Amino acid sequence: MLLPTERMAIAVSVSGHDQATILAAIRACQKYPIDLIEWRLDTCLAAGYQPDAVAMRLIIAASQVLVILTYRTSDEGGDYPFDANLYTQLYLNGWQAGAAFLDVEYHVWSKVHLALAPEKPAIISSYHNFKETPHNLAERINIMGQTQPAMIKIAVMSHSSKDTDYLLE
């Protein structure tokens, strides 16, 4: 699947403690020229809201732009711990409801790949490190690419111009 733009895409994250809050956030975002909505499922779970398949269909259908589902685990800075069954169930429900992409942290791929393999064309393989810029990113990207995701996403913390130069190489 291609992104809806030839320039850098603008994605806005939404979440909430219930369906109404998430729908209101989507409506508010769509007043602006955005390309994607990132629905943070981990933040919903941390707030006590676990959307079922029907709610996911309604929420995803409300978006006028493509939706990325994200369940960022607490290991990579997210708001909820990893639970393989919950993770795969939410992603499969969301995929069936019309989500365009599933953001899967590369370190959990081995734990969920059998369940998510049919949706492989929609996988964003991601890595997050908000403490530093590891200097083995090329190796990490190569490993992530072996799963043949639709995209690879890296989010790291740069502490110096040297780190930034490394990222731009």
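Guide: The radius of gyration is taken over C-alpha atoms, and the globule rule is 2.2 Å times the number of residues to the power 0.38. This is a predicted model, in which local features need pLDDT of at least 70 and side-chain atom pairs count only at pLDDT 80 or more, while totals for chains, interfaces and linings use all residues. Residues are numbered from 1 along each chain as its sequence is written, and side-chain values use heavy atoms, with hydrogens and water left out.

Visitor: What radius of gyration would a compact globule of 169 residues have, and what does the protein chain have?

Guide: The rule gives a value near 15 Å for a compact globule with 169 residues; the protein chain has 16 Å, which agrees. Its C-alpha atoms fill a box of roughly 45 × 35 × 30 Å along the principal axes.

Visitor: How many helices and strands are there in the protein chain?

Guide: Helices (H or I, at least four residues) and strands (E, at least two) are DSSP runs, numbered from the N terminus. By that definition there are seven helices and six strands, in the order β-α-β-α-α-β-α-β-α-β-α-β-α.

Visitor: Which are the buried residues of helix 6?

Guide: In helix 6, residues 137–145, they are L137, R140 and M144. Their arc is 60 degrees, so these too line one face. The face turned away from that buried side carries the exposed residues A138 and N142.

Visitor: What makes a group of residues a nonpolar core?

Guide: A nonpolar core is a set of buried Ala, Val, Leu, Ile, Met, Phe, Trp, Tyr and Cys residues joined through side-chain atoms within 4.5 Å. The largest such core has 33 residues, and W39, L69, Y91, V104 and L116 have the most contacts inside it. Helix 4 gives the most to this core, with six residues.

Notes:
Buried means under 20% relative accessible area, exposed over 50%, partly exposed in between (1.4 Å probe, protein chains only). The arc is that of the directions from the helix axis to the C-beta atoms.
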